[in-house]
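Let us take a friendly walk through this structure together, one region after another. Have the sequence and the 3D view ready as you read.

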Amino acid sequence: MNKTLIQNIDVITLDDAGTVLRNSRIAIDGKAILAVDNVPADFVPDEMIDGTNHIALPGFFNAHCHAPMTYERGWAEDLPFPRWLNEKIWVAESALTPDDVYWGAALAACEMIRGGVAAFNDHYFYMDRVAEVVEQSGLKAGLAWCVFGIGDDKEIGANLDGTLAFIDRWQGRADGRLRLLLGPHSPYICPSDFLARIAELAKERGLTTHLHVAESQEQVDNSLRAYGKTPVAHLAALGIFDSPCIAAHCLVVSDDDLDILARHKVSVAHTPITYMKLAMGVNDLSRFFAHGINVAVGTDGPGSNADMDMLAALRQTVILQKHEQRNPEAVPGDTALRLASTNGARAMGFPDSGMIAPGRAADIMLIDMDRPHLLPRHDLVANVVHSAKAADVTHVWVDGRLLFRNGELLTLDEAKIKAEAERGAFRMVGSDMRSVREYRG
């Protein structure tokens, strides 16, 4: 197994004490961090990295995204959420092919690795092809094949049985870097009996469920009319939360809903740039924190937020919460970094990630702090949260394997991926397309 020593490095550890080290060292042995600061005298590295003017921090865990939607970047602009789905997204996806998913996910992987991402939690179609990208890139991932349960003609690539077959095919592959999840779309699309079946399968097979929840007041009102319950209460009654669950968004939730989410230890994925771009409104995260809910940051898909930049997403989380709460103390210090790494790792089932400490997974990024916008270095955490850009990332390790070094992707053919993805995206939106389903809130 490869041994690496990073020297002369500042470190944001994200340990429980919020320790920040200056001019320190990190020893990596195989997939794990062997030591931080006090490296054993007999440690003999295969490679040494000079971290002068750099800072190390845990790699990001993108808690909710639709990576292959890079194909729809810039194609569904300036529309409200219902029209964005009905007129653009759910039309383009009628022409989607497995190859489109592969190249779209590969393009997203290039972008994410360059931005310090160690893992992504994806919810889309033709997920065998996304799994191939994970296997080839060296990233970690949680993968859920999105299903609707409203007829096989409305599914893309697989129904629920096909999803289970996908899980069986990929369980244990990619050297342990994959988590396979169930992916019902949402309670506003999926019928109750279908969701109840998902809940049964999750419990039987020990699977996590990843779905969209309570994105608008309209969805809440429609749920109350149809079921006499909010979307959160409806899902709880069906048993969805009896197994681990990642609920994306939860923009409109009551205090009772928060009690349910907390009681069932549901993780909530927060994607602020999508909320702003689609003018959906935003939830007050202080309410979630007060209930002890595990909140994790994600980018959402590039069709809505335009990129896969976790540094942008965590910065916007902080700024938006301060603005919406009218409270400059909201989401202070390294909180946003924890939402973007530690909490995402916990939600996705990688509990050894999200902290730089001995025995933890070696999922690490380095940021070049010798940039005009990152000086002076009064507060390293504040500089990263409020000023760092994806382009400042210089190195990325996942499970101790170096994926990115000084501008070069080491596991993916970026030039080929860019060419194939752009060609495929234009083919897709230039095809004969049709609406595959309708959003009614």
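Predicted model: local features only at pLDDT ≥ 70, side-chain atom pairs only at ≥ 80, totals over all residues.

The side chain of arginine 427 meets that of aspartate 100 in a salt bridge, with 2.4 Å from N to O. Because arginine 427 sits in helix α15 and aspartate 100 in helix α2 (residues 98–114), this pair ties together parts that are 327 residues apart in sequence. Is aspartate 100 buried or exposed? With a relative accessible area of 3%, aspartate 100 is buried.

Arginine 423 pairs with glutamate 420, and their closest N and O atoms are 3.3 Å apart. These two are three residues apart in helix α15, so about one helical turn separates arginine 423 from glutamate 420. Arginine 423 has 52% relative accessibility and therefore counts as exposed, while glutamate 420, with a relative accessible area of 24%, is partly exposed.

Helix α15 also leads us to the largest pocket. This pocket has a volume of about 220 Å³. Which helix gives the largest share of its lining? That share, six residues, comes from helix α15, which spans residues 414–429. Among the residues lining the largest pocket are Lys418, Ala421, Glu422, Ala425, Phe426 and Val429, and the lining also includes Thr70, Tyr71, Arg73, Trp75 and Leu107. Sorted by class, the lining of the largest pocket has seven nonpolar residues, one polar residue and three charged residues.

Of the elements, α1 gives the most, with five residues. By class, the lining of the largest cavity divides into 13 nonpolar, eight polar and three charged residues.

What are the partners of β7? Strand β6 (residues 60–65) runs parallel to β7, and four bridges join the two. Strand β8 (residues 140–147) also runs parallel to β7, joined to it by six bridges. To see both pairings, find phenylalanine 120: asparagine 62 stands opposite phenylalanine 120, and in β8 the bridge partner of phenylalanine 120 is alanine 141. Between β7 and β8 the chain passes through helix α3 (residues 127–137), and this β-α-β crossover is right-handed.

Now back to charged pairs, this time across the whole structure, where a search finds 22 salt bridges. One of them joins aspartate 175 to lysine 31, with the closest N and O atoms 3.2 Å apart. Aspartate 175 lies in the loop between α4 (160–170) and β9 (178–184), and lysine 31 in the loop between β2 (20–29) and β3 (32–36), so the pair ties together parts that are 144 residues apart in sequence. Aspartate 175 counts as exposed, at 54% relative accessibility, whereas lysine 31, at 33%, counts as partly exposed. Elsewhere, Asp99, Arg129 and Glu132 are linked in a network of salt bridges.

Our last stop is histidine 54, which is found in strand β5 (residues 54–58). At 13% relative accessibility, histidine 54 counts as buried. Histidine 54 and valine 11 are 43 residues apart along the chain, and their C-alpha atoms are separated by 8.7 Å.

Definitions and conventions:
Residues numbered from 1 in each chain as written. Heavy atoms only, no water. Nonpolar A, V, L, I, M, F, W, Y, C, P; charged D, E, K, R; others polar. Pairing = 2+ DSSP bridges. Right-handed = clockwise from strand over helix to strand, strands pointing away. 1 Å grid on protein atoms, 1.4 Å probe; cavity = no way out; pocket = protein on both sides within 12 Å on 5 of 7 lines; lining within 4 Å. Points joined across faces, edges and corners; volume = space filled by probe spheres on them. Salt bridge = Lys/Arg side-chain N within 4 Å of Asp/Glu carboxyl O. Buried < 20%, exposed > 50% of the residue type's maximum accessible area, 1.4 Å probe, protein only.
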